[in-house]
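The tour starts at a charged pair and then moves to the aromatic rings.

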Amino acid sequence: MDTLTRLSRTRQSVPPPPRRLELPPGMRTQLGCDAVGIPEDFSHRIMTRLPRVGCVYADQGLWWWVVPAGSDVALEWPMPSYYSPGALLPETDATPVLLHCPDGDAPYTPPIPLYLALCRLTGTTPAWSRTVGAGHLPPPRRGED
């Protein structure tokens, strides 16, 4: 009987599956969609610094910025951001609220200006600007000693 009770409790505590951000009707997503979650206080300051802002949602202290799929390739999004492939949100009971919808039918915020604005606010050096130390160089190939 204890085993059945424990199994019943385990089944009840399984978190709901992540939810995908639902874009407004008519948005074209041929590039796929990912999302970058950025704390609200940073997001307020970023919003005014970008040349174009796509769909932005608010959910429990984070603003979710819709970016094209693969916007994490060769980028290390600085803390305290959260990169979400497929625009899947972590488990939550809240429904994200659409804060900004762009003119036109493209839901994306350009990822490079968003990344640079976030790096600037967090004091993070962009990945491509970091110095490579001698300890990070590949070993010489044979015949190049």
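Select Asp105 and Arg28: their side chains form a salt bridge, 2.6 Å from N to O. The term stands for a side-chain nitrogen of Lys or Arg within 4 Å of a carboxyl oxygen of Asp or Glu, and by this rule the count is 1 salt bridge. Asp105 sits in the loop between β7 (97–100) and α3, and Arg28 in the loop between β1 (19–20) and β2 (33–39), so the pair ties together parts 77 residues apart in sequence. Helices (H or I, at least four residues) and strands (E, at least two) are DSSP runs, numbered from the N terminus.

This is a predicted model: local features need pLDDT of at least 70, side-chain atom pairs count only at pLDDT 80 or more, and totals for chains, interfaces and linings use all residues. Residues are numbered from 1 along each chain as its sequence is written, and side-chain values use heavy atoms, with hydrogens and water left out.

Colour by relative accessible area next (buried under 20%, exposed over 50%, partly exposed in between; 1.4 Å probe, protein chains only). Asp105 is partly exposed at 29%, and Arg28 is partly exposed at 43%.

Now show the aromatic rings. Rings of Phe, Tyr and Trp (its six-membered ring) pair if their centres lie within 6.5 Å; planes under 30 degrees apart are stacked, over 60 edge-to-face, the rest tilted. The structure holds 5 such pairs. Trp63 and Trp65 form a tilted one, 6.5 Å between centres and 40° between planes; both residues are buried.

Move to Trp77 and Tyr115, whose centres are 5.4 Å apart with planes at 85°, so this pair is edge-to-face. Tyr115 is buried at 0%, and Trp77 is buried at 12%.
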